[in-house]
Amino acid sequence: MRKVIRRKSTQREIVLEAVRSDAHMTAREIFDEVSRISSMSFGTVYRNLQVLEVQGEIARVDSDANATRYERKKQLHWHLYCRKCGGVFDFPESSSVSFDQDAEARSGFLIEERVVMYRGLCVQCRGTLDDQDHEDME
Ligand SMILES: [Zn+2]
Ligand SMILES: [Zn+2]
């Protein structure tokens, strides 16, 4: 799939185009993508990501301590983070209204959003873990 970048695109549009809708990309990955068509500095790309996040065009996904990832804003969903390969996967939101109400009642907090991140092993890493168990232990 080729993306057509208009010649008159602003820096912000270029950065937004680089954020894929089917992935969770680090700022570095987005910068690499932008670098193919623009000479923007990493700092400029990063600043534009922050603006796009405030504008609601993209969402930040805090998966692990090492990297902040970004994705296109889409329907509310949860994330699964694989501690072995570092993959971030989408998972449809499942309704837990009673859980939210309970939390609100007990804390007195006005709850506006629930962010869920499951951590563990993805299907692939789960399958290979038994074979490579000893290699991973070091
Ligand atoms: Zn994995
Ligand atoms: Zn996602």
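Modeller: What follows is an account of helix α3 and of the parts around it. The model is a predicted one, and its local features are described where pLDDT is at least 70.

The helix itself comes first. α3 comprises 14 residues, and from its first C-alpha to its last it reaches 20 Å, close to the 20 Å expected at 1.5 Å a residue. Its buried residues are Val45, Asn48, Leu49 and Leu52. They lie on the same side of α3, because the arc that they cover around the axis is only 110°. The face turned away from this buried side carries Gly43, Gln50 and Val54, which are exposed. After the helix comes Gly56, with a positive phi near 85°.

The next point is what lies over the buried side. The cover of the buried residues of α3 includes the helices α1 and α2, together with β2 and β3 (67-72). Two of the buried residues of α3, Val45 and Leu49, are also named among those with the most contacts inside the largest nonpolar core, a group of 16 residues. Val15, Val19, Ile30, Val34 and Tyr70 are likewise on that list. At least two residues of this core come from each of α1 (11-18), α2 (27-35), α3 (42-55), β2 (58-64) and β4 (77-82). Domain 1 (1-74) and domain 2 (75-138) each contribute at least three residues to the core.

Tyr70 shows how these parts meet. Leaving aside residues up to four places away in sequence, Tyr70 touches Leu49, and also Val19, Met25, Ile30, Ile58, Arg60 and Val61.

β4, which supplies at least two residues of the core, has strands on either hand in the pairing list. With β5 (residues 88-92), β4 pairs in the antiparallel sense over 5 bridges, and Val88 is the bridge partner of Tyr81. The hairpin of β4 and β5 has 5 residues between the strands, and in it Gly86 takes a positive phi near 80°. With β6 (residues 117-120), β4 pairs in the parallel sense over 4 bridges; here Tyr118 is the bridge partner of Leu80.

Helix α4 (residues 97-107) has 11 residues, of which the number buried is 0, so α4 lies largely in the open. Gly108 follows α4 and has a positive phi near 75°.

Methods: Residues are numbered from 1 along each chain as its sequence is written. Chains are lettered from A and ligands numbered from 1 in the order in which they are written. This is a predicted model: local features need pLDDT of at least 70, side-chain atom pairs count only at pLDDT 80 or more; totals for chains, interfaces and linings use all residues. A nonpolar core is a set of buried Ala, Val, Leu, Ile, Met, Phe, Trp, Tyr and Cys residues joined through C-beta atoms within 7 Å. A residue is buried if 20 or more other C-beta atoms lie within 10 Å of its own, exposed if 12 or fewer, and partly exposed in between; C-beta atoms are placed from the backbone. Domain bounds come from an automatic or database domain assignment. Two residues are in contact if their C-beta atoms, placed from the backbone, lie within 7 Å. The expected span of a helix is 1.5 Å times one less than its number of residues. The arc is that of the directions from the helix axis to the C-beta atoms. Two strands pair if DSSP finds at least two bridges between them.
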